[in-house]
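Please look over the model below before reading on. The notes that follow are grouped by topic.

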Amino acid sequence: MTQDDAVFAHPIVPRFYEIDRQGVMFNMWYLAHVDEAVDGFFLARDLPYATWSELGVDVHVAHVEIDWKAAIGHTDRPEVLVSTARIGKKSFTLDFAFRRADETTATGCIVYVAVAVDGSGSTLLPPRLIEALGEVALLRTP
């Protein structure tokens, strides 16, 4: 996997109802778009979320960070970039960035904790999930 392959790009079109009275995308919608992009990230790696239960695993969001640098408006056509930032034994972190043309408008990360589908609590990341996460390619500076 090359650096270009390590970063998944998901184009978005801000919908009318996502734009607030200031004419920019309301903050809560950013994470909805990130969620869609993360789904695409794993689909592109041949590990659709619908198959995770076969691995005996699901994930819970443990932490989210987002930093805004510029607003996204209704006529903008940005993309959400997603990459693997860290792979642990029972958790992983994905970085994300919103990019409009050559401008990064927001960056952040999401920490996911693996949990067993049988309800027994946190569990080790299965090898297939680790494989799908691929190489670390940071999108934000620590």
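Tyrosine 30 has contacts well beyond its sequence neighbours in this predicted model. Leaving aside residues within four places in sequence, tyrosine 30 is in contact with Met25, Ile66, Trp68, Ala70, Ala71, Ile72, Phe98 and Ala106. Tyrosine 30 is found in helix 2.

- Is tyrosine 30 buried or exposed? Its relative accessibility is 2%, so tyrosine 30 counts as buried; the cut-off for buried is under 20%.
- Tyrosine 30 and glutamate 18 are 12 residues apart in sequence. In space, their C-alpha atoms are 9.4 Å apart.
- Helix 2 covers residues 28–44. This helix lies across strand 1, strand 2, strand 3, strand 4 and strand 5.
- Relative to strand 4, helix 2 runs at about 115 degrees.

- The 5 strands form an open sheet in the order 1-3-4-5-2, with antiparallel pairing.
- Which strands stand at the edges? Strand 1 and strand 2 (57–68) do, each with a single partner strand, so one side of each is left without a neighbour in the sheet.
- From one strand to the next, the twist averages 25 degrees.
- In general, strands of a sheet pair through backbone hydrogen bonds, either parallel or antiparallel.

**Strand 1 against strand 3**

- Strand 1 (residues 8–11) and strand 3 (residues 79–87) pair in the antiparallel sense. The pairing runs over 4 bridges.
- Alanine 9 has leucine 81 in strand 3 as its bridge partner.
- Proline 11 stands opposite glutamate 79, also a strand 3 residue.
- Side chains alternate along strand 1. Phe8 and His10 point to one face and are buried.

**Strand 3 against strand 4**

- How many bridges link strand 3 and strand 4? There are 8, in the antiparallel sense.
- A hairpin of 3 residues joins strand 3 to strand 4.
- Arginine 86 stands opposite threonine 93 in strand 4.

**Strand 4 against strand 5**

- Strand 4 and strand 5 (residues 103–116) run antiparallel and are joined by 10 bridges.
- Phenylalanine 92 stands opposite tyrosine 112 in strand 5.
- Phe92 and Tyr112 are also among the residues that line the largest pocket.

**Serine 91**

- Serine 91 lies in strand 4, which spans residues 91–100.
- Its relative accessibility is 16%, so serine 91 counts as buried. That value falls under the 20% cut-off.
- What joins the side chains of serine 91 and arginine 86? A polar contact of 2.8 Å does.
- Not counting residues up to four places away in sequence, serine 91 touches Arg86, Tyr112, Val113 and Leu125.

**The largest pocket**

- The volume of the largest pocket is about 210 Å³.
- Which residues line the largest pocket? They are Asp35, Val38, Asp39, Phe42, Tyr49, Trp52, Asp58, Val59, His60, Val61, Phe92 and Tyr112.
- Helix 2 and strand 2 are the elements that give two or more residues to this lining.
- As a general point, rolling a probe the size of a water molecule over the atoms shows where empty space is left.

Definitions and conventions
Residues are numbered from 1 along each chain as its sequence is written. This is a predicted model: local features need pLDDT of at least 70, side-chain atom pairs count only at pLDDT 80 or more; totals for chains, interfaces and linings use all residues. Side-chain values use heavy atoms; hydrogens and water are left out. Buried means under 20% relative accessible area, exposed over 50%, partly exposed in between (1.4 Å probe, protein chains only). A polar contact is a pair of N or O atoms within 3.5 Å; within protein, one must be able to donate a hydrogen and the other to accept it, and residues adjacent in sequence count only if both atoms are side-chain atoms. Contact means heavy atoms within 4.5 Å. Two strands pair if DSSP finds at least two bridges between them. Axes are lines fitted to C-alpha atoms, for helices over the stretch in contact, and angles run from 0 to 180 degrees between N-to-C directions. On a 1 Å grid over the protein atoms alone, a cavity is a set of points where a 1.4 Å probe fits but cannot get out, and a pocket is an open set with protein on both sides within 12 Å along at least five of seven lines; lining residues have an atom within 4 Å of a point. Grid points are joined across faces, edges and corners, and a volume is the space filled by probe spheres set on the points.
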